[in-house]
Every structure is written in C-alpha cells, then in structure tokens.
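Subject: Structure handover

Hello,

Here is the structure I promised to pass on. Please open it first, then read the notes below.

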Amino acid sequence: MQIGDLFTETSPWMVDTALLVGRVFIGVCFVVHALGKLGVVGKGNMEQFASWLASLGVPFAPLQARIAMLSELIGGALLAAGFLTRGACVVLFFTMVVAGVLGHRGAGYLITNDPPGAEYTINLAVICVMFALIGPGSYSLDAALF
C-alpha cells in the first residue's frame with residue numbers, strides 16, 4: 001500500500017457503510033422535522049405551520065402543510081430504512097425545493113441570514129439527489145428485498 005492510497009482508495013464495504021450512516025442520519029433529520037410540525041418536538045405545531053404557509057400565500061395551506069409533513073415523515077422513514085429509497089428521495093427533493101423557494105424566498109443562501117436563507121433546504125435537496133443517483137447501498141431493505 002502506498003501513502004496516496006490512504007487518501008484515494010475505498011472499498012465496497014466502506015461505500016455501503018457510508019451510505020447507511022448518511023441515509024439513517026438524513027432520514028431521521030426529516031422525521032424530526034415532521035415531528036416538529038406535529039408538535040411532538042420543538043415549539044411548533046401543524047396549526048402554526050399551516051398559518052405560516054397561508055401568510056406566504058400558499059393555496060390550501062392546511063392541506064399543503066400536511067402534505068409537507070407527511071412527505072418528511074414517510075420519506076424520511078423510508079430513506080433511513082433504505083426502502084423505496086429513490087422514490088423517497090424524489091419526494092423529499094421536491095419538498096425541499098418548494099421549502100427553499102417559498103419558505104426562504106428573498107432571504108438569500110445563508111441560514112444565518114435574517115430571515116433565514118435557503119442553505120439548509122438546498123443542502124438537503126442535494127443530499128437527496130446524491131442518494132437517488134447512488135442508491136441505498138447493500139445495507140438497506142431495498143438490497144434485501146429487490
């Protein structure tokens with residue numbers, strides 16, 4: 001082994017382990033955000049989220065709020081489990097694009113802006129694209145079932 005190999009080489013088990021860790025952490029992140037919209041964690045709840053969407057001019061805000069919450073809850077759980085991973089990532093990608101365009105409109109990129117920018121939603125959308133392109137890896141329900 002050469003010293004350069006430490007910086008450039010990988011193996012299938014390393015890739016699959018990285019995909020597992022990434023999927024679980026990002027999937028749980030989505031689930032926690034959905035639970036926040038339900039009032040289970042944090043200070044928010046569904047009524048406040050729907051009201052905020054209505055203030056942004058989103059039509060059918062209560063319905064849209066529930067759709068966003070369900071996409072995060074179900075999509076995040078599917079991503080974490082590695083089940084129907086690519087489909088879950090497509091749904092989560094579009095949810096994050098809508099969140100970035102509507103929820104962070106005119107706020108720039110940085111989440112530390114006032115109001116917060118779209119940095120977080122853009123990064124989550126990109127991560128979903130990555131998982132959609134690469135797939136769930138061997139340590140997933142998709143690999144076990146399909």
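Start at Phe83, which is partly exposed, with a relative accessible area of 27%. (Buried is under 20% relative accessible area, exposed is over 50%, and partly exposed lies in between, with a 1.4 Å probe and protein chains only.) This is a predicted model, so local features need pLDDT of at least 70 and side-chain atom pairs count only at pLDDT 80 or more, while totals for chains, interfaces and linings use all residues. Residues are numbered from 1 along each chain as its sequence is written, and side-chain values use heavy atoms, with hydrogens and water left out.

Aromatic rings
The whole structure holds three aromatic pairs. (Rings of Phe, Tyr and Trp, taking the six-membered ring of Trp, pair with centres within 6.5 Å; planes under 30 degrees apart are stacked, over 60 edge-to-face, the rest tilted.) One of them is the stacked pair of Phe83 and Phe146, at 6.4 Å centre to centre and 10° between the planes. The two residues are 63 apart and come from distant parts of the chain. Phe83 is in the loop between helix 4 (61-81) and helix 5 (85-103), and Phe146 is in the segment after helix 7 (141-145). (Helices are DSSP runs of H or I, at least four residues, numbered from the N terminus.) Phe146 is exposed, at 68% relative accessible area.

Elsewhere, the charged end of Lys37 sits over the ring of Phe49, 4.9 Å from its centre. (This needs NZ of Lys or CZ of Arg within 6 Å of the ring centre and within 35 degrees of the ring normal.)

Helix 6
Helix 6 covers residues 119-134. Its 16 residues reach 23 Å from first C-alpha to last, close to the expected 22 Å. (The expected span is 1.5 Å times one less than the number of residues.) Thr121, Leu124, Ala125, Cys128 and Phe131 are buried in this helix. Seen down the axis of helix 6, these buried residues fall within an arc of 120°, so they line one face. (The arc is taken over directions from the helix axis to the C-beta atoms.) They pack against helix 2 (12-37), helix 4 and helix 5. (Contact is heavy atoms within 4.5 Å.) The face turned away carries the exposed residues Val126 and Leu133.

The cores
The largest nonpolar core has eleven residues, among them Leu19, Phe30, Leu79, Met96 and Phe131. (A core is a set of buried Ala, Val, Leu, Ile, Met, Phe, Trp, Tyr and Cys residues joined through side-chain atoms within 4.5 Å.) Helix 2, helix 5 and helix 6 each supply at least two of its residues. Helix 6 gives the largest share, four residues. Apart from this core lies another, of ten residues, including Ala34, Met46, Ala50 and Leu53. Met96 touches Phe30, Glu72, Thr121, Leu124 and Ala125, leaving aside neighbours within four places in sequence.

Backbone
Most residues other than glycine have a negative phi, and most peptide bonds are trans. Phe60 lies in the loop between helix 3 (46-55) and helix 4 and is exposed, at 66%. Leu84, also not a glycine, has a positive phi of about 55°. Leu84 lies in the loop between helix 4 and helix 5 and is partly exposed, at 44%. A cis peptide bond joins Asp114 and Pro115, with omega about 5°. Pro115 is in the loop between helix 5 and helix 6.

Best wishes
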